[in-house]
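Colleague: Could you take a close look at one part of this model, the metal site and the elements that carry it? I would like a connected account with the cut-offs spelled out.

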Amino acid sequence: MALREILVWPDECLKKKAEEIKDIDLHIVTLAEDMTQTMYAAPGVGLAAPQVGISKQLIILNPQAKTGTGNLMVIINPRIVAGDGKDTETEMCLSVPNVSVDITRHSRVLVKGIDLKGKEIELEADGLIARVIQHEIDHLNGRVILNYASSLKRSIYLKKAQKSKV
Ligand code: ZN
């Protein structure tokens, strides 16, 4: 396993739609392992492959990661097939440092995808798990928390990001 670099928005990889995964080969298994190590080291509660520069539809999450408990979930080609209820919470993102945005999302979702063995997954989630899944799937569609922020907040962030590059 190896740590991977977490890309920071506006990196192009964070703005495009990720590719569907057709074969779960060694590259994908290694990617999932590396992402797991990277997420726990950050520390974060979820990570999507585009955040480490791989434009493929793979997300991992463990909403309890910061307390050292909970189960790791790996979902390949995840999609939300049903959503219900609405909740607004403040979110942060490893790829958008030092920014928090209030985002309204479904409070419950039904998610389908496959696991690392190619087995179909069907998951009913609510609470924090539902929120993290929706946040990570946004990454696969080229969306980040700034897409939900005011244009003023976005431009302030961009100015700071440009300055720190120099
Ligand atoms: Zn994120």
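Modeller: What follows describes the zinc site, then the helix that contributes to it, and then the cysteines.

This is a predicted model, in which local features need pLDDT of at least 70 and side-chain atom pairs count only at pLDDT 80 or more, while totals for chains, interfaces and linings use all residues. Residues are numbered from 1 along each chain as its sequence is written, and side-chain values use heavy atoms, with hydrogens and water left out.

The zinc ion has as its protein donors Cys 93 through SG, His 135 through NE2 and His 139 through NE2, at 2.0 to 2.3 Å. Donors here are N, O and S atoms within 2.8 Å of the metal (3.2 Å for Na, K and Ca), and because water is not among the atoms, sites may look incomplete. Along the chain, the spacing of these donors reads C-x41-H-x3-H. Cys 93 belongs to strand E4 (residues 87–93) and His 135 to helix H2 (residues 127–140), so this pair ties together parts that are 42 residues apart in sequence. Helices (H or I, at least four residues) and strands (E, at least two) are DSSP runs, numbered from the N terminus.

Both Cys 93 and His 135 are buried, a term that means under 20% relative accessible area, as against exposed at over 50% and partly exposed in between, with a 1.4 Å probe and protein chains only. Helix H2 as a whole is mostly covered, since 11 of its 14 residues are buried, among them His 135, Glu 136 and His 139. From its first C-alpha to its last, H2 reaches 21 Å, close to the 20 Å expected at 1.5 Å a residue; the expected span is 1.5 Å times one less than the number of residues. After H2 comes Gly 142, whose phi is positive, near 75 degrees.

As for the cysteines, what does the disulfide count come to? The count is 0, where a disulfide is a pair of cysteine sulfur atoms within 2.5 Å. For Cys 13, the closest cysteine sulfur is that of Cys 93, and because the two sulfurs are 13 Å apart, they are too far for a bond. Cys 13 is buried, at 9% relative accessibility, and Cys 93, the zinc donor, is likewise buried, with a relative accessible area of 9%.
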